[in-house]
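Reader: I would like to learn how to read a protein model. Could you take me through it feature by feature?

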Amino acid sequence: LLRPLGVVREALEEFYDTGGGNKMDLTHMPKTELYEVGLVFNQLSQQTKVQFNTLAHINGAYTRLVPDCLYQMLHKEDVLALSPGAYAAVDGALLMLIPYTPARTARTLENLFYPASELIAAHNGMIVDYDEGLGAMTALFCDASQALSCAKETLRSYDNAGENVMAAIVRDTVEFGVFGSERLLYPVAVSGSLHRRQEVLSLMLEFGAVLVASGVVDNPNLRLLGWDGETSYYEDPACRPSGWRAQWKQAAPLWNEAIALFQDGEFSWAMRRFARVLRLLPEDVAARWYLFRCEVLRDEDSAQTPDTGLLYNWRDRHG
């Protein structure tokens, strides 16, 4: 009696340690009531292991579909606490990834952004928008430093893969919530300024910027590219190619003077500085763009307040 009971005890201890899947050795056990217990135990152990595996797959699926940052934004503990109508205005950071060659189909977008999606999840971000026309993907982060860290790591991975992608980080207030029914929930994130920001970033893309930031970091080495209303946009010159960076060290003081003069409406003087920047950086699209802007604004009616914003469409007005 004691020997079969010892076998049962050992099997139960292993069951608690491993979570099921083990079998009780019934080879030498007399076919008594304890033998019947062993048969039931072996069946239960296998079923328990299958159920644990199923739960692990389900938990993995929830992790992919419902990232941890969603709970944090909505101040919930887990997926079971989510319900239709859960809502919060999130003051977070948006990371936008825009390829220099826009991907026009869902398949090419998926292939392009799959590595970035993994990094976004690893940095506790959540993808909230795709724009097939611009070929852009937008992710939302609770913390701007996480967004910046993710952007730099993502750019390194794209650079190693030979892909040309611009990353932009902007602070924004996003209306975020969970909607649907008790049996079907889906998250929705809405930013009233996202479309306008994408228009600005399309211009940054033409400038050749690699990493753009707005209201995220305070770094004196950043390059002010311009402003849209009260929002200023900077780029990190350290992410540009090495040859460009070498020339930029000489051009940076001239650029800062030119931008300050442009902002003050001293367009003739700003033109001279931008022209000198172009002598050092002949391929710098931003300096060339501002040089033409200065010429147009200098010749406009002086009685009007000059529009120095990035989205001022001088091409349409002046041909």
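## Loops, helices and packing

Author: Start with a loop. H75 is found in the loop between α3 (68-74) and β1 (87-99). Keep in mind that this is a predicted model.

Reader: What is the phi of H75?

Author: First the general idea. Most residues other than glycine have a negative phi. Now the case here. H75 is not a glycine, yet its phi is positive, about 60°.

Reader: Is H75 buried or exposed?

Author: H75 is exposed, because its relative accessible area is 69% and the cut-off for exposed is over 50%.

Reader: Where is N124, and what is its phi?

Author: N124 lies in the loop between α4 (106-122) and β2 (126-131). Its phi is positive too, near 65°, and N124 is a residue other than glycine. N124 is buried, with a relative accessible area of 18%.

Reader: Now helices. How many Å should helix α6 span?

Author: Count 1.5 Å a residue. Helix α6 has 14 residues, 194-207, so it should span 20 Å. Its end C-alpha atoms are 20 Å apart, which agrees.

Reader: Which residues of α6 are buried?

Author: The general idea comes first. An α-helix has 3.6 residues a turn, so residues three or four places apart point the same way. In α6, the buried residues are L194, R197, Q198, V200, L201, L203, M204, L205 and F207. Just after α6 comes G208, with a positive phi of about 90°.

Reader: What does the span check give for α9?

Author: Helix α9 covers residues 285-299, which is 15 residues.

Reader: How do I describe two packed helices?

Author: Give the angle between their axes and the distance between the axes. Take helix α7 (residues 242-263) and helix α8 (residues 267-280). Their axes come within 8 Å and cross at roughly 165°.

Reader: Which residues make the contact?

Author: From α7, they include Q247, Q250, A251, L254 and W255. From α8, they include F267, W269, A270, R273 and R276. By class, the contact of α7 with α8 has 13 nonpolar, two polar and three charged residues.

Reader: R276 is in that list. Is R276 buried, exposed or partly exposed?

Author: R276 sits in helix α8. It is partly exposed, with a relative accessible area of 42%. Now look along the chain. R276 and L12 are 264 residues apart in sequence. In space they are 81 Å apart, C-alpha to C-alpha.

Reader: At what angle do α7 and α9 pack?

Author: The angle is about 30°, and the axes are 12 Å apart. That makes α7 roughly parallel to α9, because the cut-off for roughly parallel is under 35 degrees. The crossing of α7 with α9 is left-handed.

Reader: Which residues of α7 and α9 meet?

Author: In α7, they are W255, I259 and F262. In α9, they are A286, A287, Y290, R293, C294 and L297. This contact of α7 with α9 has eight nonpolar residues, no polar ones and one charged.

Notes: Residues numbered from 1 in each chain as written. Predicted model: local features only at pLDDT ≥ 70, side-chain atom pairs only at ≥ 80, totals over all residues. Heavy atoms only, no water. Axes fitted to C-alpha atoms, helices over the stretch in contact; angles between N-to-C directions. Helix = DSSP H or I, 4+ residues; strand = E, 2+ residues; numbered from the N terminus. Contact = heavy atoms within 4.5 Å. Nonpolar A, V, L, I, M, F, W, Y, C, P; charged D, E, K, R; others polar. Expected span 1.5 Å × (residues − 1). Buried < 20%, exposed > 50% of the residue type's maximum accessible area, 1.4 Å probe, protein only. Parallel < 35°, antiparallel > 145°, perpendicular 65-115°, else oblique. Left-handed = near helix turned anticlockwise from the far one by under 90°.
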